[in-house]
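Please keep the sequence and the structure in view while reading.

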Amino acid sequence: MKKERKFGLKEFPRPLCHSPIGGALARLAAHKAKIPVIYTAHGFHFYKGAPLKNRILYYSVEKLLAYWTDILITVNQEDYRFAERYLKAGKVFYIPGIGIDIEQLQTRMRTGSCDNMYFRRKYKIPEHALLLLSVGELSRRKNHRIVIAALSALRRKDVYYLICGQGPLCQELWKYAKSLGVADRVRMPGYQEELEQVYQNADIFVFPSIQEGMPVALMEAMAAGLPCVVSDIRGNRELIARAGGARFGLGHPQQIKQLNRALWQLIQDKKRRDLCGAYNRKKVEAYDLSVVLRRMKTIYAGMMSSSSVRESKCR
């Protein structure tokens, strides 16, 4: 119910489900009990580029369950277009992710401003080095390995890479960085509480994920005014245009060269970094928590209203 409290809908009297497995079980139960149900899909597992088994298994299940879904909510445009065309839910809606509190983030950046010299001493980054930042768990899905490879290919001793997150691949990533001779320029401090201080002291945000729905970390980096270099996948595509940084393809021999080129162009041009950051700060306003709240309340209120009409007719 945490998400429903966030939307001010604690007392909403209908099944609301969010996760793939929980969503499947809830919809089966709701169908059996003959009660309306809302399912919010935080990124279908049969996305473009997904393994064949994902597309066969998850798509088949979702196609069936859609018939028993009164309202299907998607958090990115790509999933929305797919659901509208191929899934037969009662109604399909789009909301811009789960929303981020932009005002709160930017206020914390202003009031909790972290001195750049203190920040660099804390993370052992030279004063004049350029800092690449990624935020996310250390997992294969987050794909930090490709940025470490690009860091090596850049052959710039003044570029450092900070990854904020924890996960099972920590030691593997360290070994990979050592094998490429860049371990001295990679920082993995684990989970960080005060990310706003990290955002305000980074130069370029790099988000190389293999799969996302609508990534919160990327939206936060945009709100912090960072230029962003991201993998060309669902969610990222919707958020980052060329005016906000660059996208690079995955799964082909040129992927590291594409990432390298995108990073190099931003590293060399501070004016462009500033322009990209300003563009992102403006664009992400459409994904503010207040926007999501308004849309969710409208969707939920509409369902409650239509359900009340049906119930009154049955009396």
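Asn143 has a relative accessible area of 15%, so the residue is buried. The structure discussed here is a predicted model. Asn143 belongs to the loop between strand 5 and helix 7. The phi angle of Asn143 is near 65 degrees, which is a positive value in a residue other than glycine.

Lys34 also has a positive phi, of about 60 degrees, although Lys34 is not a glycine. Lys34 is located in the loop between helix 2 and strand 2 (38-41). Is Lys34 buried or exposed? Lys34 is exposed, because its relative accessible area is 74%.

## Salt bridges

Side chains of opposite charge can pair when their charged atoms come close. How many salt bridges does a search of the whole structure find? The search finds 13 salt bridges. The table lists some of them.

| Pair | Closest N to O distance |
|---|---|
| Glu78 and Arg237 | 2.8 Å |
| Lys142 and Glu212 | 2.6 Å |

Arg27 counts as buried because its relative accessibility is 1%. Glu62, at 7% relative accessibility, counts as buried as well.

Glu78 and Arg237 form another salt bridge. Glu78 is part of helix 4 (residues 77-86) and Arg237 is part of helix 11 (residues 236-239), so this pair ties together parts that are 159 residues apart in sequence. Glu78 has a relative accessibility of 23% and therefore counts as partly exposed. Arg237 is likewise partly exposed, at 26% relative accessibility.

The salt bridge between Lys142 and Glu212 links parts of the chain that are 70 residues apart. Lys142 is in the loop between strand 5 (130-135) and helix 7, while Glu212 is in the loop between strand 8 (204-207) and helix 10 (216-223). Both Lys142 and Glu212 are buried. Elsewhere, salt bridges that share partners join Glu78, Asp232, Arg237 and Arg247 into one network.

## A buried glutamate without a salt bridge

Glu196 is found in helix 9 (residues 195-201). Which side chain of opposite charge is nearest to Glu196, and how far away is it? The nearest is that of Arg108, at 4.6 Å. A salt bridge requires a side-chain nitrogen of Lys or Arg within 4 Å of a carboxyl oxygen of Asp or Glu. Glu196 has no salt bridge, yet Glu196 is buried. Apart from neighbours within four places in sequence, the residues in contact with Glu196 are Leu105, Arg108 and Met109.

## Helix 7 against helix 12

Two packed helices are described by the angle between their axes and the distance between the axes. The axes of helix 7 (residues 145-154) and helix 12 (residues 255-268) cross at roughly 65 degrees and come within 9 Å. This crossing of helix 7 and helix 12 is right-handed. On the side of helix 7, the contact is made by Ile146, Val147, Ala149, Ala150, Ala153 and Leu154. Helix 12 contributes Gln255, Ile256, Leu259, Asn260, Leu263, Trp264 and Ile267. The residues of this contact comprise 11 nonpolar, 2 polar and no charged residues.

Val159 lies in strand 6 (residues 159-164). Val159 has a relative accessible area of 0%, so Val159 is buried. Not counting residues up to four places away in sequence, Val159 touches Leu130, Leu132, Leu151, Leu154, Arg185 and Ile267. For Val159 and Arg185, the separation is 26 residues in sequence and 7.3 Å in space, C-alpha to C-alpha.

Phe93 lies in strand 4 (residues 91-94). Phe93 counts as partly exposed because its relative accessibility is 28%. Leaving aside neighbours within four places in sequence, Phe93 is in contact with Ile71, Leu72, Ile73, Thr74, Tyr80 and Ile299. Phe93 and Met188 are 95 residues apart in sequence, and their C-alpha atoms are 39 Å apart in space.

Methods. Residues numbered from 1 in each chain as written. Predicted model: local features only at pLDDT ≥ 70, side-chain atom pairs only at ≥ 80, totals over all residues. Heavy atoms only, no water. Helix = DSSP H or I, 4+ residues; strand = E, 2+ residues; numbered from the N terminus. Buried < 20%, exposed > 50% of the residue type's maximum accessible area, 1.4 Å probe, protein only. Lys, Arg positive; Asp, Glu negative; His and termini not counted. Contact = heavy atoms within 4.5 Å. Axes fitted to C-alpha atoms, helices over the stretch in contact; angles between N-to-C directions. Left-handed = near helix turned anticlockwise from the far one by under 90°. Nonpolar A, V, L, I, M, F, W, Y, C, P; charged D, E, K, R; others polar.
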